[in-house]
Amino acid sequence: MRDRIISLNGAPYDGHPVPAMLASMAACGARNVEPAFIVGYTEAFDESAFSAAQTQQWQRWLLDAGMSCHAMSSHIDLGRDDAVEVFRGRMDFARALGAEVINTNAAARRLRKSFFANIEVLARHAESIGLKIGLENPGDGSDNLLNTASDAAVLLAEIGHPMVGLNYDAGNTISHRPGVVVPADDAVTALPLCVHTHIKDVRSDASGYFFTPLGQGHIDCAQILRAIAQTDIHLSIEIPLRLHRLPNAQPSRSPYRLPLADIEAVLKPALAFVQQHLSPLTAAQ
């Protein structure tokens with residue numbers, strides 16, 4: 001088995017310049033970043049964020065910080081009419097940063113036909129550049145082709161390409177299908193189909209869903225990590241601290257970024273929590 005890669009997702013650093021984010025992650029003890037380009041989760045961006053100039057800039061930032069990139073999150077609905085053009089550009093950007101996985105959503109169920117047409121093209125491109133596509137279950141309560149782990153086997157069998165798998169996220173399941181499945185149990189069920197996975201914890205109450213330090217929410221992250229420890233799956237710690245979900249599961253983003261010290265106070269213990277529950281493989285942050 002190869003060393004496991006533990007990345008820090010960029011979502012909690014929403015609003016901070018990339019060099020400051022990378023320096024902070026390094027100070028936390030991480031060596032891998034998962035850049036996050038997710039509409040509604042992070043500051044607004046357009047496709048110029050994935051240009052050749054931005055690719056070179058990110059490569060310099062990573063080199064200067066001594067950080068690597070194994071995975072990138074860049075979620076779109078792959079059933080969109082422009083999905084092939086948009087996502088192919090993001091795939092090329094991710095691969096140029098060294099990523100081996102790019103995480104995204106599947107598609108709204110109503111866009112099933114266009115999704116399968118698009119994923120066929122994107123899977124061939126993934127194979128040509130050596131980049132896996134990790135389909136992630138959403139958290140917004142919509143009807144998706146991938147709502148819970150029970151959808152995954154049939155979906156991936158129909159796609160039928162080894163470069164496409166899951167990036168399962170139990171922290172999304174709790175708001176996406178509350179009461180339908182136990183998030184940690186569903187995550188463990190999904191693991192055999194995963195090419196990557198996200199770890200985050202969530203506290204839920206009548207006012208919505210709030211992302212918490214690992215071990216302080218209603219997701220049994222320890223159970224998930226113990227199961228991951230029996231595999232060679234790589235993972236990212238994704239704690240979007242500037243965000244919470246309303247009772248209807250829609251994201252609500254704070255108008256203010258969090259201080260770096262507050263972010264580090266959550267991420268340092270998160271790394272320790274993950275390492276504590278991963279024993280069979282050496283944790284290569």
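Visitor: Is Leu 8 buried or exposed?
Guide: The model is predicted: local features need pLDDT of at least 70 and side-chain atom pairs count only at pLDDT 80 or more, whereas totals for chains, interfaces and linings use all residues. Residues are numbered from 1 along each chain as its sequence is written, and side-chain values use heavy atoms, with hydrogens and water left out. Buried means under 20% relative accessible area, exposed over 50% and partly exposed in between, with a 1.4 Å probe and protein chains only. Because its relative accessibility is 0%, Leu 8 counts as buried.

Visitor: In which strand is Leu 8 found?
Guide: Contact means heavy atoms within 4.5 Å, and the residues that Leu 8 touches include Met 25, Ile 237 and Leu 271, not counting residues up to four places away in sequence. Helices (H or I, at least four residues) and strands (E, at least two) are DSSP runs, numbered from the N terminus. Residues 4-9 form the strand that holds Leu 8, namely β1.

Visitor: What covers the buried residues of α4?
Guide: The buried residues of α4 include Phe 115, Ile 119 and Leu 122. Among the elements that cover them are α3 (83-96), β5 (132-136), α5 (149-159) and β6 (164-169).

Visitor: Which residues touch the most other members of the largest nonpolar core?
Guide: A nonpolar core is a set of buried Ala, Val, Leu, Ile, Met, Phe, Trp, Tyr and Cys residues joined through side-chain atoms within 4.5 Å. Ile 133, for one, touches residues including Phe 87, Ile 119, Met 163 and Val 195, not counting residues up to four places away in sequence. In the largest core, of 90 residues, those touching the most other members are Phe 115, Ile 133 and Leu 135.

Visitor: Which strands stand at the edges of the open sheet of four strands?
Guide: The sheet has the order β8-β9-β11-β12, with antiparallel pairing. Each edge strand has a single partner, so one side of it is left without a neighbour in the sheet; the two are β8 (201-205) and β12 (251-253).

Visitor: How many bridges join β7 to strand β10?
Guide: Two strands pair if DSSP finds at least two bridges between them. Strand β7 (residues 194-199) is mostly covered, with six of its six residues buried, and four bridges join β6 to β7 in parallel. β7 and β10 (residues 235-237) also run parallel, and Thr 197 has Leu 235 as its bridge partner. The number of bridges joining β7 to β10 is three.

Visitor: Why is the pair of Phe 45 and Phe 50 edge-to-face?
Guide: Rings of Phe, Tyr and Trp (its six-membered ring) pair if their centres lie within 6.5 Å; planes under 30 degrees apart count as stacked, over 60 as edge-to-face and the rest as tilted. Phe 50 is buried, with a relative accessible area of 9%, whereas Phe 45 is partly exposed, with 23%. The ring centres of Phe 45 and Phe 50 are 6.0 Å apart, and the pair is edge-to-face because the planes stand at 90 degrees.
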